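This report describes a protein chain for a reader who is new to structural analysis. Please keep the sequence and the model in view while reading.

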Amino acid sequence: HKALATLLSEISVIMLPLRGIVHAAAVIEDGLARNLDRRQMRRVFAPKVLGAYHLHQLTLGKALDFFVLFSSATTLFGNPGQGNYIAANAAMEALAASRRGAGLPALCVRWGGIEDAGYLARNTQIKESLQGRMGGSMLQSDLALDLLEELIVADRSGMGVLEVDWKALSRFLPVAGSPKFSELSVGTEEVLVDEDGGEDLRRLIARLPADEL
């Protein structure tokens, strides 16, 4: 917070007035939810949640044209092993919604994988693993920037921007069979059967008689 306040003070003295912010910071510290410890949670939450919140607090008095937050498409349907990362992105999305509700500029984008820049470009093995799970192709950074410009101009916050093969994703994520994704799954094969014969907990609860529930 102190370092960011100092930076913003320097900008106000030596540069033109600040008119916009793009928050694209992230730290990846994957692990199953039951194994995540406090350190792993803090490492992922700090740059996203605290970073975004400090930017929000310290620029409340400035006339910004845009306040862009980079979230992830994984908040739409989850990603096993990234509970901390998804929670951090969801918190940023809530901050964007809060700012917009208060009449402040805010635009949050739920990005899919970007192939030629950022974390995945530096970690080829993780990029290939993610692409194998989701299918489809990854975004190129020049297209992502063009789409970002369109979203800013249209003031469309909370949109998911990704290339995905729904059939491939459905094999990997049972949640893809939930009603909210029904339109996306039209035309794909029914592949949402648990290999161990288990049932979705929500569906099971909905069918239980009151005494059994």
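## Strands and their pairing

In β2, Ile21 has Phe67 as its bridge partner. The names of helices and strands follow DSSP runs, numbered from the N terminus, where a helix (H or I) has at least four residues and a strand (E) at least two. The model is predicted, so local features need pLDDT of at least 70 and side-chain atom pairs count only at pLDDT 80 or more, while totals for chains, interfaces and linings use all residues. Residues are numbered from 1 along each chain as its sequence is written, and side-chain values use heavy atoms, with hydrogens and water left out.

Strands β1 and β2 run parallel and are joined by 4 bridges; two strands pair if DSSP finds at least two bridges between them. Strand β2 also runs parallel to strand β3 (residues 107-111), and 5 bridges join these two. Within this second pairing, Leu69 stands opposite Cys108 in β3. In a regular strand, side chains alternate between the two faces of the sheet.

How many of the 7 residues of strand β2 are buried? Strand β2 (residues 66-72) has 6 of its 7 residues buried, so it is largely enclosed by the rest of the structure. Here, buried means under 20% relative accessible area, exposed means over 50%, and partly exposed lies in between (1.4 Å probe, protein chains only). Together, β1, α2 and β2 make a right-handed β-α-β unit. A crossover is right-handed if, with the strands pointing away from the viewer, the path from the first strand over the helix to the second runs clockwise.

A search of the whole structure finds 4 salt bridges. A salt bridge is defined as a side-chain nitrogen of Lys or Arg within 4 Å of a carboxyl oxygen of Asp or Glu. Side chains of opposite charge can pair when their charged atoms come close.

One of these salt bridges is formed by Glu29 and Arg39, whose closest N and O atoms are 3.4 Å apart. This pair links distant parts of the chain, with Glu29 in the loop between β1 (20-23) and α2 (38-58) and Arg39 in helix α2, 10 residues apart. A salt bridge also joins the side chains of Arg43 and Glu29, at 2.7 Å from N to O. Here too the pair links distant parts of the chain: Arg43 belongs to helix α2 and Glu29 to the loop between β1 and α2, 14 residues apart. In this way, Glu29, Arg39 and Arg43 are linked in a network of salt bridges.

Arg39 is partly exposed at 47%, and Arg43 is partly exposed at 40%.

## The pair Arg100 and Asp155

The side chains of Arg100 and Asp155 also meet in a salt bridge, with 2.9 Å from N to O. This pair links distant parts of the chain, since Arg100 is in helix α4 (residues 83-101) and Asp155 is in the loop between α7 (141-154) and β4 (159-161), 55 residues apart. Arg100 counts as partly exposed at 32% relative accessibility, and Asp155 counts as partly exposed at 43%. Asp155 has a further feature: a positive phi of about 55°, although it is not a glycine.

Asn84 lies in helix α4 and is buried, with a relative accessible area of 1%. Which residues are in contact with Asn84, leaving aside its neighbours within four places in sequence? They are Glu29, Leu36, Gln40, Met41, Val44 and Phe45, where contact means heavy atoms within 4.5 Å. The C-alpha atoms of Asn84 and Arg42 are separated by 8.9 Å, and these residues are 42 residues apart along the chain.

His54 is placed in helix α2 and counts as buried at 18% relative accessibility. Residues up to four places away in sequence not being counted, His54 touches His1 and Leu4.

## A nonpolar surface patch

Val13, Ile14 and Met15 make a nonpolar surface patch of about 360 Å². Patches consist of residues with over 30% relative accessible area and no salt bridge; like charges are joined within 9 Å, and nonpolar side chains (Val, Leu, Ile, Met, Phe, Trp, Tyr) within 5 Å. Accessible areas come from the Shrake-Rupley method with a 1.4 Å probe, and for residues only the protein chains shown count as cover. Val13 is found in helix α1 (residues 2-14) and counts as exposed at 67% relative accessibility.
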